[in-house]
Amino acid sequence: MPYETDGVVVKVNQIQYQEELGYTSKSPRWAMAYKFKAEQVSTVLNSISYQVGRTGAITPVANLEPVQLAGTVVKRASLHNADQIEKLDIRINDTVFVEKGGEIIPKIIGVDLKQRPLDSKPTQYLTHCPECHTELVRIEGEANHYCPNFYGCPPQIIGRMQHFISRKAMDIDGLGGETVALLYNAGLVSNYADLYELTKEQVIPLERMAEKSAENLIKGIQNSKNIPFERVLYALGIRYVGETVAKKLAKHYKNIDAIISATLMDLILVDEIGEKIAQSVVQFFQNEANIVITERLKKHGVQFEISESLNTNVSNKLSGKVFVVSGVFETYSRDDLKKAIEDNGGKVGSSISSKTHYVIAGDNMGPAKLDKANQLKIPIITEYEFNDILNA
């Protein structure tokens, strides 16, 4: 082709088969990406620096002699962890081979040993945190080293607050990652509960902050008190508790106090919650500082229990039922409708199959879905009939 491509996508070419195959939580089952072999270049590794994430995980980063690769100038590449450095025997001043994983993220894939300097020495991995100088730990069975100074290491504190305000968590308008760092460095916040005690007068003196920006920030923080419990639980930043796990825990326990008092075995018995996740939840709430922060958030009015909306009587009355939602609705948004199904124990299917119990149809329902539902003799109901099922 007369332009750069990084691969092709191979698809099943009949709509009805695509709908039958459906989707996983992340991708369609009817399409497969085929990537071409990535472009490789060689350059010199000048130094290795170390970054600290919000969980305390240490990521080594290669600082490279700038080199042109797949349309951009590459200066840095992740080295992942100590095992990767040891496996490739990567050393400072080595000539290394670099490619972009998925044509996006630069990574080192090997070393040109023929060009290694005679005085080269093996890389000694960092032993202490580059930010707070606490001695690093490595948990058995894990590849990463961690800084255990959870409440005293600045990048961890800032990272947790940045996670807390992120779009999929508390989604605080007017507050971005850089502003969180400014607030922390100015001594105005030291954890995410402090955000709810900020005033406009405290915020205005910050760099690039005018009166209107300060008002929007404070308003965004106050509006975040309406964010539902499952997203608040995700926002807390408990290790291994992502969006899906947070939703399952919130649905099972209904409020934060029940989760705090749950034992390891209680948590393991929850559907799809394994021992690793359960241990992480227990450890998080065994820490007195986390309990204090949670109580402060409660007092500020953050949602720590599932709210029962007018149309969604939280229950298990749809347990075992699979619904497919299609079209545009009058009384619900599609997301609200799906939430109502899940809150009442049902499951939302991405495509119609013999396992589907009901299709909830709105205006402009796809004709292929309509045909498939009729072929399989699956009941097609309106949003009002769905409400009748909920309220029965």
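On one side of helix 14, Pro367 and Gln375 are exposed, and the buried residues of this helix, which runs over residues 367-375, are Lys369, Lys372 and Ala373. Those three cover an arc of only 100 degrees around the axis, which puts them on the same side of helix 14. An α-helix has 3.6 residues a turn, so residues three or four places apart point the same way. The structure described here is a predicted model, and every value below is computed from that model.

The buried residues of helix 14 pack against helix 1 (15-21), strand 8 (322-326), strand 10 (358-361) and strand 11 (380-381). Just after helix 14, lysine 377 takes a positive phi of about 55 degrees.

**The next helix**

Which residues of helix 15 are buried? In this helix, which covers residues 383-391, the buried residues are Glu383, Phe386, Asn387 and Leu390. They cover an arc of only 100 degrees around the axis, which puts them on the same side of helix 15. These buried residues pack against strand 8, strand 10 and strand 11, and also against helix 13 (334-343). Strand 8, strand 10 and strand 11 are likewise among the elements against which the buried residues of helix 14 pack.

**The chain as a whole**

The chain contains 15 helices and eleven strands, and its C-alpha trace spans about 80 × 60 × 50 Å along its principal axes. Of its 392 residues, 41% count as buried. Among the contacts in the chain with a separation of 6 or more, 57% are accounted for by residues 24 or more positions apart.

**A pair of helices**

Two packed helices are described by the angle between their axes and the distance between the axes. For helix 3 (residues 154-165) and helix 4 (residues 177-185), the axes come within 9 Å and cross at roughly 135 degrees. Helix 3 and helix 4 are therefore oblique to each other, and helix 3 passes helix 4 in a right-handed crossing. On the side of helix 3 the contact is made by Pro154, Ile157, Ile158, Met161, Gln162 and Ile165, while helix 4 contributes Gly177, Glu178, Val180, Ala181 and Tyr184. Sorted by class, the residues in the contact of helix 3 with helix 4 are eight nonpolar, two polar and one charged.

**Two single residues**

Is valine 74 buried or exposed? Valine 74 is found in strand 5, which covers residues 72-78, and at 3% relative accessibility valine 74 counts as buried, because the cut-off for buried is under 20%. Leaving aside residues up to four places away in sequence, valine 74 touches Leu64, Glu65, Pro66, Val67, Leu69, Lys100 and Pro106.

Tyrosine 3, by contrast, lies in the segment before strand 1 (7-11). At 54% relative accessibility, tyrosine 3 counts as exposed, because the cut-off for exposed is over 50%.

| Pair of residues | Separation in sequence | C-alpha separation |
|---|---|---|
| Tyrosine 3 and glutamine 156 | 153 residues | 43 Å |
| Valine 74 and cysteine 147 | 73 residues | 28 Å |

Conventions. Residues are numbered from 1 along each chain as its sequence is written. This is a predicted model: local features need pLDDT of at least 70, side-chain atom pairs count only at pLDDT 80 or more; totals for chains, interfaces and linings use all residues. Side-chain values use heavy atoms; hydrogens and water are left out. Axes are lines fitted to C-alpha atoms, for helices over the stretch in contact, and angles run from 0 to 180 degrees between N-to-C directions. Helices (H or I, at least four residues) and strands (E, at least two) are DSSP runs, numbered from the N terminus. Angles under 35 degrees count as roughly parallel, over 145 as roughly antiparallel, 65 to 115 as roughly perpendicular and the rest as oblique. A crossing is left-handed if the near helix is turned anticlockwise from the far one by less than a right angle, and right-handed if clockwise. Contact means heavy atoms within 4.5 Å. Ala, Val, Leu, Ile, Met, Phe, Trp, Tyr, Cys and Pro count as nonpolar, Asp, Glu, Lys and Arg as charged, and the others, Gly among them, as polar. Buried means under 20% relative accessible area, exposed over 50%, partly exposed in between (1.4 Å probe, protein chains only). The arc is that of the directions from the helix axis to the C-beta atoms.
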